[in-house]
Amino acid sequence: RMFHDDELEESEKFYVGQPRVLLLIYALYNTLVARSEMVCYFVIILNHMISASMITLVLPILIFLWAMLSVPRPSKRFWMTAIVYTEVAIVIKYFFQFGFFPWNKHVDYTKDKPYHPPNIIGIEKKEGYVHYDLVQLLALFFHRSILKCHGLWDEDEKGDSSSNKEDTDDELSLTGGRRDSSASLKSVNLAASVESIHVHFPEQQTAIRRKSSSSTSQVSHRSSFSSHRSKRDINHTTLSLYSLQCKLCAVSSHCGLCCFRTLQVYVPIRQFFYNLIHPDYSAVTDVYVLMFLADTVDFIIIVFGFWAFGKHSAAADITSSLSEDQVPEAFLVMVLIQFGTMVVDRALYLKKTVMGKVIFQVILVFGIHFWMFFILPGVTERKFSQNTVAQLWYFVKCVYFGLSAYQIRCGYPTRVLGNFLTKSYNYVNLFLFQGFRLVPFLTELRAVMDWVWTDTTLSLSSWICVEDIYAHIFILKCWRESEKRYPQPRGQKKKKVVKYGMGGMIIVLLICIVWFPLLFMSLIKSVAGITNKPLDVSITITLGGYQPIFTMSAQQNQLKSLDPNEFNEFLRSYRGNTAALQFLEGYAREDITRADLEGNSNSLWTISPPSRKKMIQGLRDFDADFTVVLSWTIQSCLTQLLHGHGLRHCAHLAPVLFHSWCEAWGRGKEVLSVCQTHLSPGLRTLEEVYPYYIKAPSDSLAKPIKQLLRDCKWENITVSLVKNGSEEGAREWWVLNQLGKRQTKPQESLELFIFSDKVSPPSLGFLAGYGIMGLYASVVLVIGKFVREFFSGISHSIMFEELPNVDRILKLCTDIFLVRETGELELEEDLYAKLIFLYRSPETMIKWTREK
């Protein structure tokens, strides 16, 4: 070895011999030191996310519009500004913590108000008001110490002193008609002294800084003509500003002094952005993919947390909202804004305009911060620091801002060739690219946007044709490369791993698709179903379409679930009844509800005398049928109202004395049985008129359960008419009582058992609502159509699919992209015509795709 030091070698051996945990700590510390400026940015952004005030808003904006845009690194002035600003903010927050300020006397009442002035400014009284500011100050001092250790802290001052000396020489050369080439004006940044409007940086130092920031990137130099022209423009501006400075210094008016101070601030800022847009050396890079991924993550956050950007609703769910055909306004606005920014970003990337990207960055930084911290709290009616979803969205957006600043600082690439997923030919890129093409309208939208914002002579149809050929050839290239990596010897049968792996997976997939509706509908309620408890049970009895004689409902305490002992006794009562036990297999104890209804009607019988007389005449007519309707209504929390009713035809029915009765069931469609009942005056018994057991499904009418009835006969009830008061002003109501109740009670009452079917969860209700036949029609048949096209359309594409070697075709496609980027549009037309001819000529295609 050329250099050898025993101490260094011993130190290296000692370091290697340390435990791995300690080595990991060393590596993490070295990473922290190497990226200490990123640590400062992260702490500043985190402090703003937690505090969300005007005091902490300044530094994040300066990060994205000053620090991250500085070449090659933020200047000393920025770090001193951040340190001093943080110290001042700590002092201001400490000063306003005293209790004698009026707004500190009602802290508990105003702490959650987003538009309370102290909360907006950041001077409210709270616990731990300065913790994150101290951590931020500690990170800034840590970065300052690292810069001092590496001699980078005072680098700007040395540059300023040398530039001031060259300024003097430049001014002398201008007055004498001569100018030294090493003293020409190249750039003015925000680290320049505000004591002079025009400050010159040497050309050599600027070039070194640009080159040092592009050690790992491609370096491209501007043309000499544009460089000399920019020099002349800047020097002309410098002379004008210098003469303006002399004139303003001679003017003692207050207006002239204000204009001079304004120029002292405006000119360095303008020159900073000018040098950013027109650099001498550009270390081009391409981070559009990372920016697109950040925007995609923000898009996903909006979709699954859209309620955080509108009125606060903890139970909000995008699937339930869309299933009800309701589009939330906050979701629509945020999706359109996010999608619009992605489209604009794509346009700027294709046009490669740094100036547009700078303008878009400034507008987006100010717009996002203004909306997130001043408008959103008023919309959501809560502070930004209490909105976790909005904080996550803002943090990802900050990552996007950082990537955008890096893209601006380095410049756009001169060539944009193909999709970023087509850079390698392996299984990962293959499946990702095919997944990208499966997203609805994404491929088409990208192709049209690329055609709009790219200089080309091809028509839209020709452009899409080239893109489709390139995508097809890329997929074939991936398959050919996989065949080379995993060759199949000639004459050897396929391995069982391949056959059972790929073939078995396809078999299982096809079987699952065929039987998906049946499995889904059977498992969604039995496994993931939710018990649908009734909230209200009502019964109404009507005679022949006249005024109802009895109405009663049960709610809350009158609706009871069976305890374990009652449920077991209920099951034992049907021992030996196969039909009943088979029905009860589908219900658990929590699915059965017993409704206890009062026997006395909750409404008076207010029939008019003419209708009463007509009803009596109808009952005395033994030849005519008289209908009695018993209806029930069950209301549940997760389903709509469930109705049901039963019909009875009567031969003769007096107001109080019931002499005969004929019954029919089936909603008036057919007569099931006929019975004669001879009753004594007073209390009358109606046989087989009460259902007793009701099934309450989730999507149809509530129906009686015949399997649980004794001999399939309904229960008997007694009816009586009660009068209260004189004959003329008597108040009448009907009283009913059920015979053979399971729970014996001394007073008149009715008992009804409701068997509630389980319902699907609300998040899957939109899919379960189609039913089995709907799922078969909308899912299975559609998927089956695509599968059938895949299996039956292979023979028509053999000449385009079975290509042994696609390297030449792939190179022809990339050549089209290359000449398009270089502006050779005539050559682009020629290569496109060659590609079309190749696909029109099978003989030429065979020659082009032979193995070399």
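Trainee: Where is the place of V759, and is V759 buried or exposed?
Mentor: Keep in mind that this is a predicted model. V759 sits in a loop, the one between β14 and α26 (765-768). Residues under 20% relative accessible area count as buried, and because V759 has a relative accessible area of 6%, V759 is buried.

Trainee: How far apart in space are V759 and P697, C-alpha to C-alpha?
Mentor: Along the sequence, V759 and P697 are 62 residues apart. In space, going from C-alpha to C-alpha, the separation of V759 and P697 is 8.6 Å.

Trainee: In what order do the five strands of the open sheet come?
Mentor: The edge strands are β5 (559-561) and β11 (703-704), each of which pairs on one side only. The pairing in this open sheet is mixed, and the order of its five strands is β5-β6-β14-β10-β11.

Trainee: Which residue of β14 stands opposite T593, and which one stands opposite I694?
Mentor: Strand β6 (residues 592-598) pairs with strand β14 (residues 749-756) in the antiparallel sense over seven bridges, and in that pairing E598 has S749 as its bridge partner, while T593 stands opposite I754. Strand β10 (residues 693-696), by contrast, runs parallel to β14 and is joined to β14 by four bridges. There, the residue of β14 that stands opposite I694 is I754.

Trainee: Which strands stand at the edges of the sheet of three strands?
Mentor: This open sheet has the order β9-β12-β13 with antiparallel pairing. At the edges each strand has a single partner strand, so one side of each is left without a neighbour in the sheet, and these strands are β9 (684-690) and β13 (731-738).

Trainee: What is the bridge partner of L686 in β12?
Mentor: Strand β9 and strand β12 (residues 715-724) run antiparallel and are joined by four bridges. Within β12, the bridge partner of L686 is I717.

Trainee: Which residues does Y394 touch?
Mentor: Residues up to four places away in sequence are not counted here. With those set aside, Y394 touches I45, H48, M49, P60, H369, M372, F373 and F384.

Trainee: Within what arc do the buried residues of α19 fall?
Mentor: In helix α19 (residues 442-452), the buried residues are R446, A447, M449 and D450. Seen down the axis of α19, these residues line one face of the helix, because they fall within an arc of 165°. In general, an α-helix has 3.6 residues a turn, so residues three or four places apart point the same way. For α19, then, the arc asked for is 165°.

Trainee: With which residues is I469 in contact, leaving aside its neighbours within four places in sequence?
Mentor: I469 belongs to helix α20 (residues 460-485), and I469 is buried, with a relative accessible area of 8%. I469 and L835 are 366 residues apart in sequence, yet 9.2 Å apart in space from C-alpha to C-alpha. Leaving aside those sequence neighbours, I469 is in contact with C813, L835 and Y839.

Trainee: What share of the 852 residues of the protein counts as buried?
Mentor: The secondary structure of the protein comes to 31 helices and 14 strands. Of its 852 residues, the share that counts as buried is 42%.

Conventions. Residues are numbered from 1 along each chain as its sequence is written. This is a predicted model: local features need pLDDT of at least 70, side-chain atom pairs count only at pLDDT 80 or more; totals for chains, interfaces and linings use all residues. Side-chain values use heavy atoms; hydrogens and water are left out. Contact means heavy atoms within 4.5 Å. Buried means under 20% relative accessible area, exposed over 50%, partly exposed in between (1.4 Å probe, protein chains only). Helices (H or I, at least four residues) and strands (E, at least two) are DSSP runs, numbered from the N terminus. The arc is that of the directions from the helix axis to the C-beta atoms. Two strands pair if DSSP finds at least two bridges between them.
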